[in-house]
Structure formats: C-alpha cells, structure tokens
Amino acid sequence: MAPIYDAAVIGGGPGGSCAAGFLARAGRRVLVLERERFPRFRIGESLLPYNRRIFEELGVLPKLEAAGFMRKLGAQFHLANGSRGTAFVVRDGVFNRETEAFQVERARFDEVLLRHAESCGAEVREGWTVSRFSMDPEGVLLEAAPESGERERFRARWLIDASGRANLTGNQEGLRRPHPRLQKIAVFSHFAGVRLDEGTAAGDTIIVRQAANWFWIIPLGPERVSVGLVMDRRDFQRAGLAPNELFEREVRASKVMRARMEHARWLMPVQTTTDFSYRNERITGDRLLRVGDAAGFMDPIFSAGVYLAMLSARWAAGVVDDALRDAARAAPGRRAYERKVLGAMSFYWEMVEAFYTGSFMEVFLQPVHRFHLPAAVNAVLAGELEGGWALRWRLRLFFWIVKLQTRFALLPRLQVT
C-alpha cells in the first residue's frame, strides 16, 4: 500500500517550504510536491522585516544570512514627476519590533527554504505536477505525475495548498473571485547600472507612482536590480506595443525613472505576469488549508506576498499539528485559521485599494506627524499585525483622514503624473 503522510503540501515556494519545515520539525511525515525544479526564477523579491521572526522560528535564518542577501532598511515612495516623496525607515517606527529585512533573488532564496525543509525531514519531490485532489473518510487523495508522465496517487491526512497563483484546489472547486477593479499586468526585468542611493538607503525598495501606473525598484545587489511596471491590463492591450517598448515609454514619461534608469542595462529579457488581485471564497475545507497566494493574491505594492505566505504557512502547520494530536481540535483550528488569515490580509487589501486614489497619495506622501500616525503605518507595512488597539485606532484614523481628503483637501492637492 502507498504510504499515508501526515500532510501533503502542494508547492515548494516560501509558503510550502515553510509549512513543510515546521511540520517536519514537529516530527510529522510530510510530502512536498513541486512541479518545477529548483532553482527557478520568480519575482516578489522584497521581504518584510517581520519575515525574520519566521526565519528564526524555522531555524533557517543562519542559512539566509550566510547567503549574503542585500539588507533592506526601508522603503521610499515617490511621485513620477519628482515633486513629492517620502521614506519609511523601519528602525524609526516606534511600534516596530523588527528593524530590517532582506532583498532576495528568489531563485536562491526559495531554494534555501526548500532545501531547509528537506533537511528538517520533509520528503521533497520536484518535477511533480498535481492534477487534482479529492477527499474521502480516510483523508486526502492526490493525483500527480512526474516529468515522465506516469501518474501516481498519494494519501495524506491533511492537505496544505501552497500552489501560489496556480491556485490548484481553489480553481478545482470554482472558488476564485478576481478583484473587479485591480486587474493588472506587470512588465519587469533585471538591470545593471540602475542609480541607487548611497549609504543605508542603498537597499531601499523604491516605488514610483504615475497617474494610473507604478514602478518598483528593488536592489538585489550592487549590479543587479529588479525593476517592474504595473499597469491596468486594458491599458497594456490598448497600447499595442511590445512589452519592452511599453516599459521604455513609461520610463521616459517619468522624471524620477529617467534619472534612475539613465545608464541601466538589461540583464535578461523582459517578462510579464498577470492574474493580479483575487481571493478564494473559502480558504479552508475539510482537512484542507490554503496558504499564501493560494488563499488570495494582491497587487504587490507593499511587498507583503512572501510574508503573508510564510505567516499563513506557520499558522497552517500549527493547525495541522494540533489536529493530528487531537481530532476534536480540527474544526475550531480551521475556523481560527481562516479568521487570522483574512484579518492579516484585510489591512493590505485596504492599503492596495486606496493606493490608486489621489487622496491616499496626498495623505501618504504628506505625513501628519501627530498621534504617531506615520509610525503606525510604518509598523504595519513592516509586518506588525499584532499591535492591538494602539495600532488599530491609528490606522482607522489614517483611513478616515484619507476619506476626508477626498472631499475637503485637508492637505495640499498633488499632481500625480
């Protein structure tokens, strides 16, 4: 008979590796099925400071530090015309308990995490594509095939879907719901010769806001920088240009980007990705937990993707471990998991939706230094989701000011171009 695993994990990215690592460290028998072979290219290279807590708990932080990834101490937001900008230095946040993060090449970063899960005892199979799943009284049944194409079946007591935007279980159950307004496309590449700041700001993530689009600049090292353009999919289609032509046109249209990219050289062909901003109607099922992008994916303005993937994976591993010890804890564990994950996602969703409004940018780029409002926003953008009432009322006040700004111009109007 085929072995029965305590948990099967679909996907070996940060969420899947994290869930598998925590469960294997707890002595559980874990199978990871990953359709690609590592290392493989991914974007989503900017991490949040609170990732470090998860790295420490997982025991992988020394390996990441040894890998020599670039230090990230803050983030900058600028209008494309250069008329206004602001910086968030993580250590300046009075509510922050973590003060720095990594900027990572995902090919290396993801491989460190997957190999760590394997070293903890997880069974990792790369080049295996899961085609479908089903439930029966004994647990979960997965159908998967290796690159040779010979399909096999695997049994597990629990299933963690970390399949990312492939969203395997959510798509199979018809749960995927796209955001009605945030249908975006990203055009991106890696460059050498991008102008970065001096000193501690050299590792900052830089966001440059146009009227309807935005750029990211993420330093991965002195001579490798990830640069991407995010825009409406319909605008991309209407432009009728090749992705590299459109990218270069938008760079030329921005004073800030022209200065940063004046001497930039392409290091790889331009790439595109879509499927922005969706949620699944449910993120749990009987013996099933969805983590990271398999629960929902949001526009990556605030770099929360990897953090939410690993945070939800840590919580999911805890639910599965508890349920394996005591089956009576399964149902309340699933309910608590869904509540925590949706709560963690809700702030970032609200920030993303607000980001595309003029009033948000006017408040965000002209901080009101009262009641520690900028510090509260700083903390949550760093990944502080357990600050309690001290953070919640300040964030509600921040969004209330944004709404008032729409009608009454509490702060000077800005030309976002």
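Let me start with a term. Two strands pair if DSSP finds at least two bridges between them. Keep that in mind, and remember that this is a predicted model.

Start with strand β10. What is the bridge partner of Asp 161 in β20? It is Arg 290. Strand β20 covers residues 288–290, and β10 pairs with β20 in the parallel sense, over three bridges.

β10 has other neighbours. Strand β1, residues 4–10, runs parallel to β10, and six bridges join the two. Within that pairing, Ala 8 stands opposite Leu 159. Then there is β9, residues 139–145. β9 runs antiparallel to β10, with five bridges between them. Here Leu 142 has Phe 154 as its bridge partner. β9 and β10 form a hairpin, with six residues between the strands. Look at Gly 149 in that hairpin: its phi is positive, near 90 degrees.

Now step back to the whole chain. It has 13 helices and 21 strands. The radius of gyration is 22 Å, close to the 22 Å from the globule rule for 417 residues, so the chain is as compact as a globular protein of that length. The C-alpha trace spans about 70 × 45 × 40 Å along its principal axes. Of the 417 residues, 57% are buried.

On to the aromatics. How many aromatic pairs does a search of the whole structure find? The count is 27. I will show two.

One of them is Trp 128 with Phe 154. Their ring centres are 5.4 Å apart and their planes stand at 75 degrees, so this pair is edge-to-face. Trp 128 lies in the loop between β7 (123–126) and β8 (129–136), while Phe 154 belongs to strand β10, residues 152–161, so the pair ties together parts that are 26 residues apart in sequence. Are these two residues buried or exposed? Trp 128 has 10% relative accessibility and counts as buried. Phe 154 has 6%, and also counts as buried.

Phe 191 sits in strand β12, residues 184–192, and Trp 266 in strand β16, residues 265–266. The two residues are 75 apart, so the pair links distant parts of the chain. Phe 191 is buried, with a relative accessible area of 2%. Trp 266 has 35%, which falls between the 20% and 50% cut-offs. That makes Trp 266 partly exposed.

Next, charges over rings. The charged end of Lys 184 sits over the ring of Tyr 356, 4.0 Å from its centre. Arg 176 lies over the face of Tyr 278, at 3.8 Å from the ring centre.

In β18, Arg 176 has Asn 280 as its bridge partner. So much for the tour.

How values were computed. Residues are numbered from 1 along each chain as its sequence is written. This is a predicted model: local features need pLDDT of at least 70, side-chain atom pairs count only at pLDDT 80 or more; totals for chains, interfaces and linings use all residues. Side-chain values use heavy atoms; hydrogens and water are left out. Helices (H or I, at least four residues) and strands (E, at least two) are DSSP runs, numbered from the N terminus. Rings of Phe, Tyr and Trp (its six-membered ring) pair if their centres lie within 6.5 Å; planes under 30 degrees apart count as stacked, over 60 as edge-to-face and the rest as tilted. Buried means under 20% relative accessible area, exposed over 50%, partly exposed in between (1.4 Å probe, protein chains only). A charge sits over a ring if NZ of Lys or CZ of Arg is within 6 Å of the ring centre and within 35 degrees of the ring normal. The radius of gyration is taken over C-alpha atoms; the globule rule is 2.2 Å times the number of residues to the power 0.38.
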